[in-house]
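Dear colleague,

Please find the structure below, followed by my notes on what turned up in it.

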Amino acid sequence: MSNTERTPLVAVVGPTASGKTALAVELAKALNGEVLSFDSMQLYKGMDVATAKPTADEMQGIPHHLIDVVDPSKTYSVARFQEDAARIIADIRSRGKNVILVGGTGLYLDSFIENLQFLDTGDATEVRARLKTELESEGPEAMHARLLTIDPEYAEKLHPNNTGRVLRALEIYELTGYTMTNQIAQSRREPGRYDVCYIGLTAEDRDYLYERINLRVDRMVENGLLDEARQWLEERPGATAAQAIGIKEMLPYLAGEDTLENCTEKLKADTRHYAKRQLTWFRRNPDVHWLFIDQTPDLAALTAEALAIIDEEGIF
């Protein structure tokens, strides 16, 4: 496929609490666009507070796709995201509009843009059931440690509580003999179909970002995080989505095992660690144009910088 046939996209990337949603909305307004989320938790219905889903006011009338679309009892794969994103982008473009991708799940974005083709592992029912049983008996840390011995490069990108991806990587290795790292490296069978301008948000002073994270967590607690976590504990205690940061940290308090203050501090720490992993992931991409939110805290000025980069890239 020649470069002239590649579909132009803007992708706003970066850590949690860096202001990606606000910038994406401004870019969509300026570029006659719609927003497509690549956040693996905002996909799930519910958990509005825990996953910081944009409110109707924050969306400012800009259509947002792949938010609040999957039942929490269901699993959602990278392969399904690839299919859904391709379909939605084709629809948006067919209506003469541009697409602004935004989110923090780097695996979803990279797999889609790089057109990774995932191995057909055949019937994995038996292996999957056994690994889930082992998870219940040994715990997430032990399963993550097992993956570290098999595929350290991929395991280091995953939090031990991300049990869905940990088990999937172990499952693929058992069924195919390939690590997830090998599989990703070998799966680029066709060139990508998209011409992407990456805009990254970060902070030159890491403490500035961490303070934004701490303030966001405080607001989450004020805005009903405990009620949301309580509902999950009562209605869907075993759902994959309940492992989202923001839900699991509140469960010890609801069970009477810890104080709200301790659980809130744990949530802040976990979110800061998550932001650090996100930054590590996105910084591997040399094509990201980084903007510093502590140097340009004004949204209008930040938007102007991003639009100047997009214009210079000449993708539209």
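Ala 52 counts as partly exposed, at 26% relative accessibility, where partly exposed lies between buried (under 20% relative accessible area) and exposed (over 50%), calculated with a 1.4 Å probe on protein chains only. Its place is in the loop between E2 and H2, and its phi is near 55°, a positive value in a residue other than glycine. Most residues other than glycine have a negative phi. Met 47, in the loop between strand E2 (33-37) and helix H2 (56-59), has a positive phi of about 55° although it is not a glycine, but Met 47 is buried, with a relative accessible area of 1%.

Please keep in mind that this is a predicted model, in which local features need pLDDT of at least 70 and side-chain atom pairs count only at pLDDT 80 or more, while totals for chains, interfaces and linings use all residues. Residues are numbered from 1 along each chain as its sequence is written, and side-chain values use heavy atoms, with hydrogens and water left out. The helices (H or I, at least four residues) and strands (E, at least two) are DSSP runs numbered from the N terminus.

Turning to the strands, an open sheet of 6 strands has the order E3-E2-E4-E1-E5-E6, with parallel pairing, and two strands pair if DSSP finds at least two bridges between them. Strand E3 (64-65) and strand E6 (288-292) stand at the edges with a single partner strand each, so one side of each is left without a neighbour in the sheet. Strand E1 (residues 7-13) pairs with strand E5 (residues 194-202) in the parallel sense over 7 bridges; Thr 7 has Tyr 194 as its bridge partner in E5, and Pro 8 stands opposite Asp 195. E1 is also joined by 3 bridges to strand E4 (residues 98-102), again running parallel, with Val 10 opposite Ile 100.

In a regular strand the side chains alternate between the two faces of the sheet. In E1, Thr 7, Leu 9, Ala 11 and Val 13 point one way, and Pro 8, Val 10 and Val 12 the other way, and all are buried.

Finally, the axes of helix H6 (residues 140-150) and helix H8 (residues 163-176), which are lines fitted to C-alpha atoms over the stretch in contact, with angles from 0 to 180 degrees between N-to-C directions, come within 10 Å and cross at roughly 45°. The contact (heavy atoms within 4.5 Å) includes Met 143 and Leu 147 of H6 and Val 166 and Leu 170 of H8.

Best wishes
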